[in-house]
Amino acid sequence: MHEIPKVKVTLLGSNPTPEVKNLECDRITVTGYISDVSSYFLSHKVFVSPLRYGAGMKGKIGQSLEQDA
């Protein structure tokens, strides 16, 4: 696995598990629930979204694609 030392990751989502919370460090931010994710879509370049569950998940994917970077 290659490391990219300057990459920062933000994990959004309600009720992160203890395992996810334990990932938090200077390069990984775990926010928990965010009511309006627009600012994150404007300030971040890559989005990954699991499609296993969550009615709002598919809408957020579309929202991330419509933001002008």
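Here is a short walk through this structure, from the whole chain down to two of its residues.

The model is predicted, so local features need a pLDDT of at least 70 and side-chain atom pairs count only at pLDDT 80 or more, while totals for chains, interfaces and linings use all residues. Residues are numbered from 1 along each chain as its sequence is written, and side-chain values use heavy atoms, leaving out hydrogens and water. The pLDDT is the predictor's confidence in each residue, from 0 to 100. Across the protein chain it averages 81, and 74% of the residues score at least 70.

Let's begin with the overall layout. The protein chain has three helices and two strands, arranged along the sequence as β-α-β-α-α. Helices (H or I, at least four residues) and strands (E, at least two) are DSSP runs, numbered from the N terminus. Among these elements, α1 has the highest mean pLDDT (95), and helix α3 (residues 55-66) has the lowest (68).

Of the 69 residues in the protein chain, 7% count as buried; buried means under 20% relative accessible area, exposed over 50%, and partly exposed in between (1.4 Å probe, protein chains only). The protein chain exposes about 6,000 Å², with carbon and sulfur atoms supplying 56% of that area. Accessible areas come from the Shrake-Rupley method with a 1.4 Å probe, and for residues only the protein chains shown count as cover.

Now find valine 9, which lies in strand β1. Valine 9 counts as partly exposed because its relative accessibility is 37%.

Finally, turn to asparagine 15, in the loop between β1 (9-12) and α1 (18-21). Asparagine 15 counts as exposed because its relative accessible area is 71%. Its C-alpha atom is 9.5 Å from that of threonine 31, a residue 16 positions away along the chain. Most residues other than glycine have a negative phi. Asparagine 15, however, has a positive phi, near 50 degrees.
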